[in-house]
Amino acid sequence: MRVNRAWLGLVVLALPALLVAIDATALLLALPQLSADLGATSVEQLWISDSYGFMVAGLVITMGTLGDRIGRRRLLLIGGAAFLVLSVAAAFAADPLMLIVARALLGVAGATLAPSTLALITSMFRDERQRGKAIAIWAACQFTGGALGPVLAGFLLQHFWWGSVFLVAVPAMALLLLAGPVLLPEFRSDQAGRLDPAGVVLSLAAVLLTVFGIKQLTVASGPAVPAGALVAGAGLGFLFVRRQLRVEAPLLDLRLLRNRPFTAVLVALVFAGVAMAGTGLMVTQYLQGVLGLSPAVSALLFAPMGLGTAAGTMAAPALARRVRRTTAIAGGLAVSAVGGLLLIGAGVGGAGALPPVVIGITVLALGTGPLFALGTGLVVGSVPPERAGSAASMSETGNYFGGSLGLALLGVVASVVYRGRMDGTSDSLAGAVAASRHLPAAEGAHLLHTAREAFTAGLHVTGLTAAVVFAGLAMLVLAMRPATRTATAPVPGHKAGHEAGHEAGHEAGREPGREAGYEVTPS
C-alpha cells in the first residue's frame, strides 16, 4: 500500500469517528426536545440516552476479536451500513420505544467502529512514527467531535427538528461504504479459531451489569439495585477472566497484562476517563446552574475541553520524538493535575468566576492528549498485528468504563458535598432553583445563593480529586515504565534483543503481501 493511499484511508476512518462523536454528544442537548415531542417518561429518557453506551460497552470486546477473525474491513463496512440505516430510523422514530430500540441497535453497530478503525490503522501504518501520527489524528477527531457536538446540536435544533442530530452521521457512513472497499486493506488472522460463544455471553453480561450498576449509583433510591448489579457483574467478570486464561483462542489475551507499560496505560485510560467525565459533568452544570448561562453559551464555553484534548493528541507525536513515550504521558498527566487544581479558583459569581473554570478544563484536557494518542498507540502496538483488534477493544473498554465510573463516582462525591453544605435542606441545585421560584424574593435569593455556593464547593472537591487522580497516574506510568537495561558490548553483527526485535518488527511491516499468521489484501 502506498503512503498516499494509506493517508487517504485514514481520512475514511477518521471522518466517521468525528461525526459519530458529534452525534453522541449532540443527543444530550436534543434530549429535552425529543422527549417532549415523543412524550417520553423520565425512565424512557434514561434508556434513550444510555442504551447506546450500554451496548457499545458490552460488545466492543467481542467486536474487536471478531474483526481479527472475519476481517476488519468487512466488519467495519457491515457496522457502517447498519449505523447508517439505524441513524435514519432513529431520526424518524414515532415513539420512545422505537427510539430506544434504534439506539440500542446503533450501539451494536457502533461497537464495530472503534476497534476496527484502530486495528486497521495499525495494519496500514507499520512505521511507528507514522502510526503514532495517524492514531493522534484519529483520536483528535473523536475529541473534536465530542466538543463540537453540543454546538452543532444548538444550530440544528434552532433550524430543524430533533431528528436532524441523528442524520449527521449519515454522510460519513455513506463515504465509508463508498471509499472503504477501495482505500482500506482487508486484514484477518490465518490462525483465528472459532468465536467462543460462552466467552461472548460472559463478557457482555459482566460489562452490562457493571455499567448498569455504576449508573444506578446516581439514580437509585437505595443501594440494593446498584450493589446487586455490581456484585453480579464482578462475579461474571471473574468467570470470564478464568475462562480467557484457559481457552486456546481467547476473546482477550490477558497475558498482555504482564507487560508493565501496557497495564499502566490501561489503568491510566480508565482513571483519566473517571476524572474527565466527572469534571465535565460538574462544569457543564456549574456554567448553567451557578453562572446562569444558556445551554448554547455553556456549550461554547465547554468546547475548549474537547479542543484541548484534540490539541494535546496532535502535539503528542512531536513530543514523543524528544522524550520517551512514558515520560511524555506522565508529563501530560502532571499538566492535567494542574488543570484540576485551577478549578478550585471557581467562584459563585463575578468577573473572576469564569476564567479559572475555562482555563482549568482546557489545561486538564490538554495534558491528557499524550495519554490518548501515545497510550493508545502503545496498547495496539504492543501486540502482533493479528491481535490488534483485541488490544484496541481493551483500550476502548477502558475508556467506556472510565467515563461511566466518572459520572457515577464523582457525581456521588459532589452530591455528598452539596447535601452536607445544605444541611439536608436540598438534594440538588436544580431542585433548589425550582424551589426558589415559589418562595418570597428575599428567601428565594438566599436559598439560591446558598445552593450555588454548595454546588461550587462540590466543583472544588471534584477538581481536587481529579488533580490527585492525575498526579497518581503520572507516578504510576513512570514507575511501571520498562527498566533501563545496562549497556553491554554488542556482539559483532548482532543487536541488543529489544532493539533487534523492535527493528525487525518495522522491517516486517515493510514487506508487502503475506506475513506470518495474517493476510493483508489491498482491496
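Let's start with Thr309: its relative accessibility is 0%, so Thr309 counts as buried. By buried I mean under 20% relative accessible area, with exposed being over 50% and partly exposed in between, using a 1.4 Å probe and protein chains only.

A quick word on what we are looking at, everyone. This is a predicted model, where local features need pLDDT of at least 70 and side-chain atom pairs count only at pLDDT 80 or more, while totals for chains, interfaces and linings use all residues. Residues are numbered from 1 along each chain as its sequence is written, and side-chain values use heavy atoms, with hydrogens and water left out.

Back to Thr309, then, which belongs to helix α12, residues 295–320. Helices here are DSSP runs of H or I with at least four residues, strands are runs of E with at least two, and both are numbered from the N terminus. What does Thr309 touch, not counting residues up to four places away in sequence? The list is Phe143, Met276, Ala365, Leu366, Thr368, Gly369 and Phe372. Touching, or contact, means heavy atoms within 4.5 Å.

Let me zoom out for a moment. The chain has 18 helices and two strands. Of its 523 residues, 51% are buried. Take the contacts with a separation of 6 or more: 83% of them are between residues 24 or more positions apart. The chain exposes about 22300 Å², and carbon and sulfur atoms supply 67% of that area. Those accessible areas come from the Shrake-Rupley method with a 1.4 Å probe, and for residues only the protein chains shown count as cover.

Now for the interior. In soluble globular proteins, nonpolar side chains tend to be buried together. Here, the largest nonpolar core has 62 residues, and those with the most contacts inside it are Leu34, Phe83, Leu99, Ile121, Val165, Phe166 and Leu184. The elements giving two or more residues to this core are α1 (3–38), α2 (42–70), α3, α4 (96–110), α5 (113–124), α6 (128–159), α7 (164–167) and α8 (169–183). Helix α1 gives the most, with 16 residues. A nonpolar core, for the record, is a set of buried Ala, Val, Leu, Ile, Met, Phe, Trp, Tyr and Cys residues joined through side-chain atoms within 4.5 Å.

Leaving aside its neighbours within four places in sequence, Leu34 is in contact with Leu27, Ile48, Leu99 and Trp162. Apart from this core lies another, of 59 residues, among them Val60, Ala136, Ala316 and Met422.

Is Ser87 buried or exposed? At 1% relative accessibility, Ser87 counts as buried. Its side chain reaches the backbone oxygen of Phe83 at 2.7 Å. Beyond four places in sequence, Ser87 touches Leu106, Phe166, Leu167, Ala169 and Val170.

On to the rings. How many aromatic pairs does a search of the whole structure find? It finds four. To pair, rings of Phe, Tyr and Trp (its six-membered ring) need centres within 6.5 Å; planes under 30 degrees apart count as stacked, over 60 as edge-to-face and the rest as tilted. Trp7 and Phe125 have ring centres 4.6 Å apart and planes at 55°, so this pair is tilted. The pair links distant parts of the chain, with Trp7 in helix α1 and Phe125 in the loop between α5 and α6, 118 residues apart. Trp7 is partly exposed, at a relative accessible area of 25%, whereas Phe125 is buried at 1% relative accessibility. For Trp162 and Phe166, the centres are 6.3 Å apart and the planes at 85°, so that pair is edge-to-face. Both Trp162 and Phe166 are buried.

Gly406 lies in helix α15, residues 388–421, and is buried at 0% relative accessibility. The C-alpha atoms of Gly406 and Val274 are separated by 3.6 Å, although these residues are 132 apart along the chain. Ala272, in helix α11 (residues 260–290), is also buried, at 0% relative accessibility. Its C-alpha atom is separated by 6.8 Å from that of Phe470, 198 residues away along the chain.

Thanks, all!

Key:
Polar contact = N/O pair within 3.5 Å; in protein donor to acceptor, adjacent residues only side chain to side chain.
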